[in-house]
Amino acid sequence: MSDSPLAGKQIVVGVSGSIAAYKSADLIRRLRDEGVEVRVVMTQGATEFITPLTLQSLSGHPVAIELLDADQESAMGHIALARWADWILIAPASADTIARLVQGRADDLLMALCLASEAPIAVAPAMNNKMWSNPATQDNLNQLRQRGVQLIGPGSGDQACGEQGEGRLLEPLDIVAAMKQLAVPGLLQGRHVLITAGPTYEPIDPVRFIGNRSSGKMGFAMAQAAQQAGAEVTLIAGPVALSTPSGVRRVDVETAEQMREAVLRSVAGKAIFISCAAVSDFRPLSSESEKIKKATHDTLMLELAPTVDIVSEVATGDNRPDFVVGFAAETRHVADYARDKLKRKKLDMIAANEVGEGKGFAADDNALQVIWADGSQTLPLAPKPQLARDLMTLIIRQFDAKNSTENS
Ligand code: PMT
């Protein structure tokens, strides 16, 4: 028996009409490698892209397609299948399938199954990048998120239509990794996790500030990954243009000092603190109350004062969470500088990323070197949501290891 967290899980894989349907063959094989019992349900559209026989051979069971099929209903009817499923995973999920899911349609077997089942649903979208970014699709996805449907991906890159952009089905192994995290909720059940994200803005005058290029994407992805692992999550966010991951409590701040105060107010009782924010290291010593007029200055000197290092203060403070994770943004000597920060700031773990020239800050993808006292692991370039799930897996592992050593 596999020791995968997915072993023994019963997953209905729904395959809808998309050129990416061919990847569902590999996905089914990978899920079975993890010890998953798979049943496949295809939409009519999916059968235009891949044959049911292929998926039947890979899953080891007849593929169900028709809602009103006497043979299939006598084998395992759609209600029985709805009850059997621990999870329903729709991969690929076309834009049309997502829209029908939002509407609660029951006009084919896959949709009827989703309506009839109490099993959680995960959706791995696959579509052209314009269809993906269309407000109709984004609205649909928001509604699904609010209903607790889990989104896996999509990735970005070359598309079958010849275009480039977001909307690619994630690779089967990445979908399996995401399912591992989703199917084992409760790893952080009952734990509270505090996360900072985004930049801070340090005012020079009422219209100008010192800031940085952080978009908040990495920290928001961490918040979502922690929430999906069952934690109660508080996210303290600098100024970003991102919507709050569902189920996450968000506190908005602007300056490093406001972030510090919000962190210190929230940190008591937290099991894990993850400091992903790009906190400004300096702030103008004083900020003008009126806009500085260009005409009155040939040159302008700004006197800067250091900000308090929030993650160090938390890691050495009375309310120290059990596990404190910092990030390190470096343009060179990434691992060496990160190791130094790990020790100097008294962290349990540091996730280092190379930044600059389009890397790290604001990008959709990122790569991390994760370092702790007696180990390290490289997480290769991946979309930030996926990278966050992998980092969260590492954090949970080291957090558990630390707790079991302390309690033994
Ligand atoms: O937001 P994105 O666009 O998705 O980009 C992600 C990211 C590049 C911002 C993120 O992955 C990242 O690296 N975040 C940390 C950025 C940073 O400030 O690194 P640093 O090496 O300067 O700081 C080291 C650590 O000290 C960080 O955990 C930081 O949160 C913390 N710090 C720094 C200064 C300060 N005054 N207080 C702090 O707590």
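## Aromatic pairs and the ligand shell

Phe399 is buried, at a relative accessible area of 1% (buried is under 20%, exposed over 50%, partly exposed in between; 1.4 Å probe, protein chains only). The model is predicted: local features need pLDDT of at least 70, side-chain atom pairs count only at pLDDT 80 or more, and totals for chains, interfaces and linings use all residues. Residues are numbered from 1 along each chain as its sequence is written, and side-chain values use heavy atoms, leaving out hydrogens and water.

**Exercise 1.** Classify the pair of Phe323 and Phe399.

Step 1. Apply the rule: rings of Phe, Tyr and Trp (its six-membered ring) pair if their centres lie within 6.5 Å; planes under 30 degrees apart are stacked, over 60 edge-to-face, the rest tilted.
Step 2. The centres of Phe323 and Phe399 are 6.3 Å apart, with 80° between the planes.
Step 3. The pair is therefore edge-to-face.
Step 4. Check burial: Phe323 is buried too, at 2%.

**Exercise 2.** Which elements give two or more residues to the shell around the ligand?

Step 1. Count the shell: 29 residues surround the ligand (one heavy atom within 4 Å).
Step 2. The elements are helix 11 (217-228), helix 13 (310-316) and strand 16 (DSSP runs numbered from the N terminus: helices H or I, at least four residues; strands E, at least two).
Step 3. Strand 16 gives the largest share, 4 residues.

**Exercise 3.** How far is a backbone N or O atom of Ala277 from an oxygen atom of the ligand?

Step 1. The distance is 2.7 Å.
Step 2. For Phe327, the corresponding value is 2.9 Å.

How values were computed:
Polar contact = N/O pair within 3.5 Å; in protein donor to acceptor, adjacent residues only side chain to side chain.
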